[in-house]
Amino acid sequence: MPVERKPVFICDTILRDAHQSLLATRMRTDDMLPVAEKLDRVGYWSVEMWGGATFDSAMRFLDEDPWERIRKLKARMPRTPFQMLLRGQNVVGYKHYPDDVLERFIVKAHENGIQVFRVFDALNDIRNMRKAMEVVKREGAHLQGAISYTISPVHSVAAFVQMARILEEMGADSVCVKDMAGLLSPYVAHELIGQLKAAVRVPVQLHTHYTSGMAMATLLKGIEAGADIVDTAVSSMALVTSQPPTESLVRILQESPRDTGLDLALLAEISGYFAEVRKKYAAFESGMQGVDVNVLQFQIPGGMLSNLVSQLREQGAEDRYSEVLAEVPRVREEMGYPPLVTPSSQIVGTQATLNVVLGERYKVVPAEVRNYVRGYYGRPPAPIDPAIRKKVIGDEEPIDCRPADLIPPGMEQARAEIGDLAESEEDVLGYALFPQVARPFLERRRRGTSSKEALAAAVAALLVRQQETVKVACDRAQVPARTSSSWKEAWRPRDGRWGGMIDGAGGQR
């Protein structure tokens with residue numbers, strides 16, 4: 001009796017997560033366009049090409065309009081659904097934004113060509129996903145509810161399955177297991193995907209990273225358990241902290257009922273193209289050559305791990321690396337076991353580094369850490385350690401409502417502040433999300449300043465700011481100032497970011 005064929009569908013991350021993980025989100029649109037028509041011929045379920053760090057990185061580092069990237073690529077890829085990663089109430093930023101900003105962002109993203117919205121929250125706090133999910137559903141796009149996978153005493157397969165049921169009830173058209181650190185082991189993947197398939201009626205998608213070395217086996221066991229869609233990246237932009245290679249999975253499944261049916265020769269052409277493109281961005285590579293098993297012990301995503309090394313090296317404290325690694329799980333436990341994904345990974349990582357470098361735990365507490373303890377990022381998976389809460393916010397009572405309920409509308413204020421520099425609602429949204437990045441970008445566009453001139457000016461300004469900030473910050477912390485990049489500059493909050501630990505500079509999802 002013939003076995004029923006049930007192809008696995010592929011979402012390729014080459015235009016978003018792959019280069020965000022490997023190249024600090026620096027790939028330019030001009031390097032994507034020449035191969036776009038070939039990508040469109042593959043027959044992917046979707047191509048993830050936007051969201052995450054791509055939005056602010058385009059303006060901040062590439063002098064590009066992030067909205068224009070969608071339009072240019074869609075003109076050459078009309079058949080392939082475009083997918084984006086949306087951080088729930090954080091949108092594509094590192095803090096919570098007003099509902100009206102979130103709503104208009106989704107509307108304009110859909111109008112510009114995004115068809116699949118993967119919505120997640122760093123704490124798996126569904127209250128922070130609800131508004132985004134409602135708007136995506138209303139606009140008629142594909143709504144994917146994502147579960148941030150992690151391991152801790154308070155996380156379990158049963159809890160993730162229950163979350164999936166709730167996401168389906170909220171209107172999700174599919175559910176995704178989002179394993180951002182490569183922690184999902186093959187046999188747990190088989191159990192989790194199997195239970196999800198039994199619990200929900202919508203398709204189940206599996207996303208993982210190769211950081212720990214388990215990713216291909218994890219995908220295969222997930223597929224055996226019934227996963228409908230999996231995330232991969234073409235081989236020249238796969239492995240290390242990226243996704244498993246598309247071509248390898250396609251070939252593995254050819255002798256099975258889950259055969260993808262994708263053309264290996266076409267995929268090889270695409271991979272060859274990106275192999276050449278990758279050489280242009282070698283300066284942004286992390287230096288990691290392969291699997292890093294530290295992620296299994298410390299649960300630090302690859303981009304965060306490599307950036308941590310870089311920051312410690314810059315401040316002459318690379319010998320403290322193992323101490324910081326050991327401190328991360330301790331801080332994470334004290335903060336209620338948040339999954340380590342943007343922005344919680346930066347919150348935990350920053351505090352752990354400060355604890356080690358200053359020689360006293362919680363001697364310096366960044367504003368973002370205080371706001372996390374206050375509940376402004378949502379409800380942690382477990383209660384925050386009472387002693388740490390007392391040390392960080394004293395007798396103040398954390399909020400227990402949806403954080404965005406306390407944020408006034410922001411679109412009209414943003415529109416008034418940016419004035420005629422904004423030539424479209426998309427420009428207003430860019431300013432509402434990243435005012436300190438969008439204004440200079442829009443000013444350069446108005447003047448017609450070239451990217452090279454803008455880069456030179458930005459570097460000069462950064463050097464001046466580093467020197468000033470290092471002196472002031474080090475004086476406050478009573479530590480010796482350094483003439484080059486000091487930890488105080490590297491970990492200083494600015495524009496909702498920490499210097500080198502956040503997405504666009506560090507590859508966190």
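We'll visit a few charged pairs, then a nonpolar patch.

Some ground rules before you click: this is a predicted model, where local features need pLDDT of at least 70, side-chain atom pairs count only at pLDDT 80 or more, and totals for chains, interfaces and linings use all residues. Residues are numbered from 1 along each chain as its sequence is written, and side-chain values use heavy atoms, with hydrogens and water left out.

**The overall count**

How many salt bridges does a search of the whole structure find? It turns up 38, where a salt bridge is a side-chain nitrogen of Lys or Arg within 4 Å of a carboxyl oxygen of Asp or Glu. Side chains of opposite charge can pair when their charged atoms come close.

**Stop one: helix 5**

Select residues 99-112, which make up helix 5, and pick out K108 and E111. (Helices, H or I with at least four residues, and strands, E with at least two, are DSSP runs numbered from the N terminus.) The two side chains form a salt bridge, 2.8 Å from N to O, and the residues sit three apart, about one turn of the helix. Now color by accessibility: E111 is exposed at 54% relative accessibility, whereas K108 is buried at 12%. Here buried means under 20% relative accessible area, exposed over 50%, and partly exposed in between, with a 1.4 Å probe and protein chains only.

**Stop two: helix 11**

Next, grab residues 264-279, helix 11, and show E276 and K279, again three residues apart, about one turn of the helix. Their salt bridge is 3.0 Å, N to O. E276 is partly exposed at 48%, while K279 counts as exposed at 56%.

**Stop three: helix 14**

Move on to E327 and R330 in helix 14, residues 321-334. This salt bridge comes in at 4.0 Å, N to O. Is E327 buried or exposed? E327 is buried, with 7% relative accessible area, and R330 is partly exposed at 43%.

**Last stop: a nonpolar patch**

Finally, switch to a surface view and select V291, V293 and L296, a nonpolar patch with about 260 Å² of accessible area together. Patches take residues with over 30% relative accessible area and no salt bridge, joining like charges within 9 Å and nonpolar side chains (Val, Leu, Ile, Met, Phe, Trp, Tyr) within 5 Å. Accessible areas come from the Shrake-Rupley method with a 1.4 Å probe; for residues, only the protein chains shown count as cover. L296 belongs to helix 12, residues 294-298, and is partly exposed at 41%.
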